[in-house]
Amino acid sequence: MPIFNQSIRRKIVGIALGLIVLMLVTSILSMVMSSQVGVLLDELTNRYIPAYSHLARANIRSLERGLALRRMVMTKMEAPSDEEAYAARLRDFEASDRKIEEEAEAARKLINAIIDDPRTYSDNAALGRIDIRIETAVTELRRDLTEDHAKLLKQVDARQMAEARGTLEHIDVLRDQFNRKVDAIRGDMLTQVFFSTSQVISRQHQAIIISGIVTLLAAIVGFVFALLVSSGITRPVRLLLAGAREVEAGRFDKPITVSTHDEIGELAAAFNRMIEQLRHNERIRETFGRYIDPKVVQGLIDRPEVAIDGERRVMTIMFCDMSGFTSMSEGMTPRGLVKVMNHYFTVMSAPIRSNRGVIDKYIGDAIMAYWGPPFIEEDEQAMLAGLAAVEMVDQVPALQKQLPDLLGIRSMPAPCDLRIGIATGEVLTGSIGSELMMSFTVMGDAVNLASRLEAVNKVYGTRILISQATADAIGSHLELREIDRLAVAGQSAPQAIFEVMARPGALTDAQASLRTHYAEGLAAYRARRFDEARAAFNAALEAAPGDGPSRAMLERITQFAPTPPDADWDGAWRLEQK
């Protein structure tokens, strides 16, 4: 509809103008009807009723005339005769005689005015007959009485009382005849008065009914008009509200139908453009989520100053590497290798993300991840990193079975396994790179230590090694075993390193015996009681045949046993010796 293409201001003004027009029409119609009723009332009160009154007074004037005539005769018959009194009575008689004609003429004028007025509906034929009857009655009365009046005056002057009495009786008869005619005319005139009264009442009722109908129609039309316009305003608003709720729920695939071209239509079009931009941004975020961890993306959006300025925080770093990758990749096609690596990264990334870790990058077959503020609380980062490492190791058996199926071969040319290093310490977080390309990452000694621990797993034949700080933070939340002291280049003192053996309370009897014998051998080794240490490590191997750390320590004893007792020796493993 064209009305929906107008602006909201024009719609509201249009509603107001429409209602004003309907009010004016109703008012004008009421005024016209009232004016018509007023004309009818004016005719009734100023013509019909006065005309009837004049006819009624004509009867009265006739009686007054008869009374004046008798008084005049009686004055004349007095002895001695009083001529002045007689003259006065004669004047009264003549005045009353003229009043009859005056009343009749006044009634006729009013009746003719009713007939001549085109504004009102009246029975003009009946009124015309009444007018003729009045004229005829007055004319006949005047014709008959003129002769009798002259005869009566002569008889009175001659004092012929008997004849005068007879003439008076004849005059009374003529008067009675005139009165009866006037009464009949008055009856017909009263009928016309009643007819005019009924016309006034009918017009009043008609005006009330028509005014009520017009007012009701105006209200209905105004309501329908306002309903149409308001629905044209509220429906797009409801669509906008529903769209806003969809956006609030994170659904950007439902644009709003633009049904108007007013301000709300423009708002709906802008809302659709906003949804499209949000959808585009969401696609960008999803795309970035494949290359950059979604937590980092959200963190950079929420706190961009962190990426610019950088911060120093205590964080836990993890490095994970696939052992045997080089030999495994040599016999694969590029497509097969990419397929295997993508599956490997998918499987190993899931525990990191499920334990709220942030994957920093993939380096060849290695994964670098970290835990810490602002993504998680500082006091739970080490435990979550340890749990993620345990879950990653749990995935190795299934992964070893899945890789041949992915490549379509019976068995892998070389077995795959994991090496994980975890370290906790202060690092620098921020965007590092050139002006053209940046990477939000972490740097510091803890990062280097985690990388070294991942590599040291090859020396001890372990899967998960953690630093002293990480072990202190984990406490009893995981089952740990101290492996050795590690001296890292650039650090003044060696620090203990630990192996994550299992979840809390999940150690088998063999693992518990292994940890006990290994701790005894490690203590003897550090005290340079090599025979006791050798016996303890052998006992550990009996509890867990093939235990890498026990074998490594037995080799170490063979290497350091000849060391003189007074030599400067702390029993730590130095990475430069690797």
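Tyr344, Phe345 and Tyr362 come together as one aromatic cluster in this predicted model.

**The aromatic cluster**

- Tyr344 and Phe345 make a tilted pair, with 5.1 Å from centre to centre and 50 degrees between the planes.
- Both of these residues, Tyr344 and Phe345, are buried.
- Phe345 also pairs with Tyr362: the ring centres are 4.4 Å apart and the planes stand at 40 degrees, so this pair is tilted.
- Because Phe345 sits in helix H9 (residues 334-354) and Tyr362 in strand E2 (residues 358-363), their pair ties together parts that are 17 residues apart in sequence.

**A charge over a ring**

- Turn next to Tyr518: Arg481 lies over the face of its ring, 4.8 Å from the ring centre.

**A nonpolar patch on the surface**

- Ile209, Ile213, Leu216, Leu217, Ile220, Phe223, Val224 and Leu227 form a nonpolar patch on the surface.
- Together, the residues of this patch have about 770 Å² of accessible area.
- Leu217, one of the patch residues, is found in helix H4, which covers residues 161-248.
- The relative accessibility of Leu217 is 47%, so this residue counts as partly exposed.

Terms used
Residues numbered from 1 in each chain as written. Predicted model: local features only at pLDDT ≥ 70, side-chain atom pairs only at ≥ 80, totals over all residues. Heavy atoms only, no water. Patch = residues over 30% accessible without salt bridge, like charges linked within 9 Å, V, L, I, M, F, W, Y side chains within 5 Å. Areas by Shrake-Rupley, 256 points an atom, 1.4 Å probe, with all protein chains shown as cover. Salt bridge = Lys/Arg side-chain N within 4 Å of Asp/Glu carboxyl O. Helix = DSSP H or I, 4+ residues; strand = E, 2+ residues; numbered from the N terminus. Buried < 20%, exposed > 50% of the residue type's maximum accessible area, 1.4 Å probe, protein only. Phe/Tyr/Trp six-rings, centres within 6.5 Å; stacked < 30°, edge-to-face > 60°. Lys NZ or Arg CZ within 6 Å of the ring centre and 35° of its normal.
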